[in-house]
Amino acid sequence: MNWGEANRQFKLILNTLLHSDIHLIACLTSDPKPIMLWKRMRMAKTVPRKIGLAPIMRDGAEYEFTTVFNLDSSHQAMASKDRTGLFTDKIFQITEETGNDIANWLKKVTSKKLLQ
């Protein structure tokens, strides 16, 4: 496979989505994120431990989005990134009200841009 061409196509698709006039919700799956920890034994050594989750997508792609929610197995959400400030330090279930909060934030931001 030609990875250079695949990377170019991925960037083209992502840029097209990010610069479009629509609001986009992207859903990604995730895998446990391994990190190396010191394990105390007779001889100190590092062992991989799975702590946290990492989205399965191109590295850094989550930074392109305004808000990123991580959901656990009990459907509790926490924002790992939140430019809106609406969800910072909160743990909650995503509901229709969550969508309304985001829509209202978008309307406010859009009207400010129009006034400038």
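The model is predicted, so local features need pLDDT of at least 70 and side-chain atom pairs count only at pLDDT 80 or more, while totals for chains, interfaces and linings use all residues. Residues are numbered from 1 along each chain as its sequence is written, and side-chain values use heavy atoms, with hydrogens and water left out.

Start with the sheet. Three strands form an open sheet in the order β3-β4-β5, with antiparallel pairing. Strands here are DSSP runs of E with at least two residues, numbered from the N terminus, and two strands pair if DSSP finds at least two bridges between them. At the edges are β3 (67-71) and β5 (91-92), each of which pairs on one side only. Between β4 and β5, which run antiparallel, there are 2 bridges. Ala77 has Phe92 in β5 as its bridge partner.

Phe92 also belongs to a group of rings. Rings of Phe, Tyr and Trp (its six-membered ring) pair if their centres lie within 6.5 Å; planes under 30 degrees apart count as stacked, over 60 as edge-to-face and the rest as tilted. By this rule there are 3 aromatic pairs. Phe87 and Phe92 form a stacked pair, with 5.4 Å centre to centre and 25 degrees between the planes. Phe69, Phe87 and Phe92 make up one aromatic cluster.

How far are these rings covered? Buried means under 20% relative accessible area, exposed over 50%, and partly exposed in between (1.4 Å probe, protein chains only). Phe87 is buried at 4%, and Phe92 is buried at 15%. Phe69, at 22%, counts as partly exposed.

Leaving aside neighbours within four places in sequence, Asp82 is in contact (heavy atoms within 4.5 Å) with Thr66, Thr67, Phe87 and Thr88. Asp82 is buried yet has no salt bridge, a term for a side-chain nitrogen of Lys or Arg within 4 Å of a carboxyl oxygen of Asp or Glu. The nearest side chain of opposite charge, Lys90, is 7.6 Å away. The side chain of Asp82 does make polar contacts with the side chains of Thr67, at 3.4 Å, and Thr84, at 2.4 Å. A polar contact is a pair of N or O atoms within 3.5 Å; within protein, one must be able to donate a hydrogen and the other to accept it, and residues adjacent in sequence count only if both atoms are side-chain atoms.

Definitions and conventions
Lys and Arg count as positive and Asp and Glu as negative; His and the chain ends are not counted. Helices (H or I, at least four residues) and strands (E, at least two) are DSSP runs, numbered from the N terminus.
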